[in-house]
Amino acid sequence: MKHQLDFEKPIIELQNKLDDLRAHPEKHSLGIRFEEEIQLIEKKLEETRRQIFLNLTAWQRIQLARHPRRPFTLDYVHLAFSDFQELHGDRMFADDRAMVGGFARLGKHPVVVIGTQKGRDTKENILRNFGSAHPEGYRKALRLMRLANKFGLPIISLIDTAGAYPGVAAEERHIAEAIAVNLREMTLLEVPIIAAIVGEGGSGGALGIGVADRILILENAYYSVISPEGCAAILWKDRANTAKAAAALKITAKDLLELKIVDEIVPEPLGGAHTDPAATAAILKERLLHNLEAILELSIADRLKKRYEKFRSHGQFIEKAEPAEHNVPLGAAA
C-alpha cells in the first residue's frame, strides 16, 4: 500500500491476506469453511487495528499528522464549510499560496476562514511552498482578519504547517515582524476567533494565526515550538533520538489538553483522518459550531478579557518548596 507507515505493517499484511483470499478462494485452508476463514481474518484485522491505533506513541501520532493523504485546509473548507469565496494578496507585496482564506459559511454563520495549505504532489508543494508561509502570507491573513472584524464576522483558523518559511527572502521581508504583529492584533480583534490544529502546528508559523478564544486540535495532530527532529539534533546531536524527543516535548493532543494549551480534542476515525476525510470534517464542523455558539454568547469585553487571560496563563508552573534544612538563615550555625 502506498504511504504505508512502519507501525501499520501488521494491518497491511492482514489486509493483503484477506484480499488475496477473496480473489483466490481456492487457497483457503483445508478443514475450515471459506466464510469462516474470512470472518477469522476480518476479526483479527479489526483487533490488530484497534490495538495499534489506540496505543500510539507520540512519534507515531506525529507521523499520522504528516501523512501525505491526510486532509488539508482546503479539503476541510470544502467539506465542512459552504459558499467559500477565496480572497488573494496582502495588498503590499504578493499573494502567498501557502496561506489561503476568504469568506465562507459555517452552518448558518457567515465567517472568514483562513489556513495554511500544503500540496499533494511535487508541483503543488512548490506552489504552496510545502505549507510554510512567507511574510506576505501572514499579512494576507491579517488583512482578512481585519476585514472580518470590520463586518462582524467570526474567524476560523485552520492550522497545518511545519513552520513559517525560514529562507533569506522571508527574513528580508521581515517574517518575524509579520508574525509578531499578528499576535498583537489577534488579541485585540473583537469578533470570535476559533483555531483548529488539523495536522502539524509548527512553532511561530502556527501561532501566527493561532491566537484565539478557543483552540481545538485533531486527535492525531500536534503543536510544538520545534520539530522532534530539530529537538533531537540539538539535545542529543543525533536525529536517531527523534522518537524520544517527541515523547519529551509533550506535543500530542492529550498532553496539550492536560497542559491547557488547547481547549478540546476533536476525535478522528480509527486509523487517522485520512481514512475517512468526510467523517473527520463532519466531526470538526460540529465542534466548531458548538464552540462558536458558546463564544457568541459572551460580550466583547468578556471575550477579549478571557482571550488575554488564556494566553497569559500559558507556561505558569508552581515549583515545590525546598525542604526546611535547605532554608537555613545566612550565618546560622551548621
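# Strands, a buried Asp and a ring pair

Reader: Hi! Which residue in E2 is the bridge partner of Gln 85?

Author: In E2, that partner is Phe 103. Strands and helices here are DSSP runs numbered from the N terminus (E, at least two residues, for strands; H or I, at least four, for helices). This is a predicted model, where local features need pLDDT of at least 70 and side-chain atom pairs pLDDT 80 or more, while totals for chains, interfaces and linings use all residues. Residues are numbered from 1 along each chain as its sequence is written, and side-chain values use heavy atoms, with hydrogens and water left out.

Reader: Is E2 mostly covered or uncovered?

Author: Mostly covered, as six of its eight residues are buried. Buried means under 20% relative accessible area, exposed over 50%, and partly exposed in between, using a 1.4 Å probe and protein chains only.

Reader: New topic! Where does Asp 160 lie?

Author: Asp 160 is part of strand E4, residues 155-161. Its relative accessibility is 1%, so Asp 160 counts as buried.

Reader: Ok, so what does Asp 160 touch?

Author: Leaving out residues up to four places away in sequence, its contacts (heavy atoms within 4.5 Å) include Pro 71, Phe 72, Thr 116 and Lys 118. Val 198, Gly 199 and Glu 200 are also among them. A polar atom of the Asp 160 side chain lies 2.8 Å from the backbone nitrogen of Glu 200.

Reader: Last one: how many aromatic pairs are there?

Author: Rings of Phe, Tyr and Trp (its six-membered ring) pair if their centres lie within 6.5 Å; planes under 30 degrees apart are stacked, over 60 edge-to-face, and the rest tilted. By this rule there is one pair. Phe 7 lies in the segment before helix H1 (9-23) and Phe 53 in helix H2 (residues 34-53), so the pair ties together parts 46 residues apart in sequence.

Reader: Are those two buried or exposed?

Author: Phe 7 is buried at 10% relative accessibility, and Phe 53 is buried at 6%.

Note on methods. Two strands pair if DSSP finds at least two bridges between them. A polar contact is a pair of N or O atoms within 3.5 Å; within protein, one must be able to donate a hydrogen and the other to accept it, and residues adjacent in sequence count only if both atoms are side-chain atoms.
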